[in-house]
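Look over the sequence and the structure before reading on.

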Amino acid sequence: QESMREQLSWDDVGRQMAIMLQNGHFTRPPSPRMSPRFLDHYLKLLDPGKVFFTRQDVDRFQSDYGSALGNMLLKEESMKAANAIYGVYRSRVQVRVTEAKRLLSENRFDFSTDATVPVSRKEAAWPANETEAMELWRRQVAEAVLTETLRREFADEPAASSTKEAV
């Protein structure tokens, strides 16, 4: 559990962030209209590929913090929201890493299907739920394995042809 001293330092960070936003980017204190933008920015910062948070998470964060985040920054209470959101993120990362290790150890990838993986999920919707998010993750792991396998094959190919030419 975090000590009171550590919590105070995080609150100082939140206060400094509010001051920075006020002085650097905005001419007035954060308003309720700006709070959803703060939240959206934080979520995209943590999960730009949209594979850790789900639509359910985002809806809950918007309900809990969407209109209040600006005031929370000014009242030095922003770390409550940041820690709650980061806690979900951290938990999901641990689950995804465990799943990636399992998939890699089983090594049962089927590349004969028509499954696709978008190059970027920046503009994609958040997965509806955890089941959908895990399926996206599995596809990304499979795509990474396929990419690495092909990279190694192509890296070995020039070496094989130069050996044939030297003989």
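A polar contact is a pair of N or O atoms within 3.5 Å. The model described here is predicted.

## Overall fold

The chain has six helices and zero strands. In sequence order the pattern is α-α-α-α-α-α.

Among contacts with a separation of 6 or more, 76% join residues 24 or more positions apart.

## Surface and burial

Of the 167 residues in the chain, 30% are buried.

## Nonpolar core

The largest nonpolar core contains 26 residues. Leu43, Phe53, Phe61 and Ile85 have the most contacts inside this core. Two or more residues each come from α2 (35-46), α3 (55-65), α4 (69-74), α5 and α6 (130-166). Helix α5 gives the largest share, six residues.

Phenylalanine 61 can be followed in more detail. Leaving out residues up to four places away in sequence, Phe61 touches Leu39, Leu43, Phe53, Gly66, Ile85 and Val88.

## Glutamate 99

Glutamate 99 lies in helix α5, which covers residues 78-106. Is glutamate 99 buried or exposed? Its relative accessible area is 9%, and buried means under 20%, so glutamate 99 is buried.

The side chain of glutamate 99 forms a polar contact with the side chain of arginine 138, at 2.8 Å. Neighbours within four places in sequence aside, glutamate 99 is in contact with Met134, Trp137 and Arg138.

Definitions and conventions. Residues numbered from 1 in each chain as written. Predicted model: local features only at pLDDT ≥ 70, side-chain atom pairs only at ≥ 80, totals over all residues. Heavy atoms only, no water. Helix = DSSP H or I, 4+ residues; strand = E, 2+ residues; numbered from the N terminus. Buried < 20%, exposed > 50% of the residue type's maximum accessible area, 1.4 Å probe, protein only. Polar contact = N/O pair within 3.5 Å; in protein donor to acceptor, adjacent residues only side chain to side chain. Contact = heavy atoms within 4.5 Å. Core = buried A, V, L, I, M, F, W, Y, C linked by side-chain atoms within 4.5 Å.
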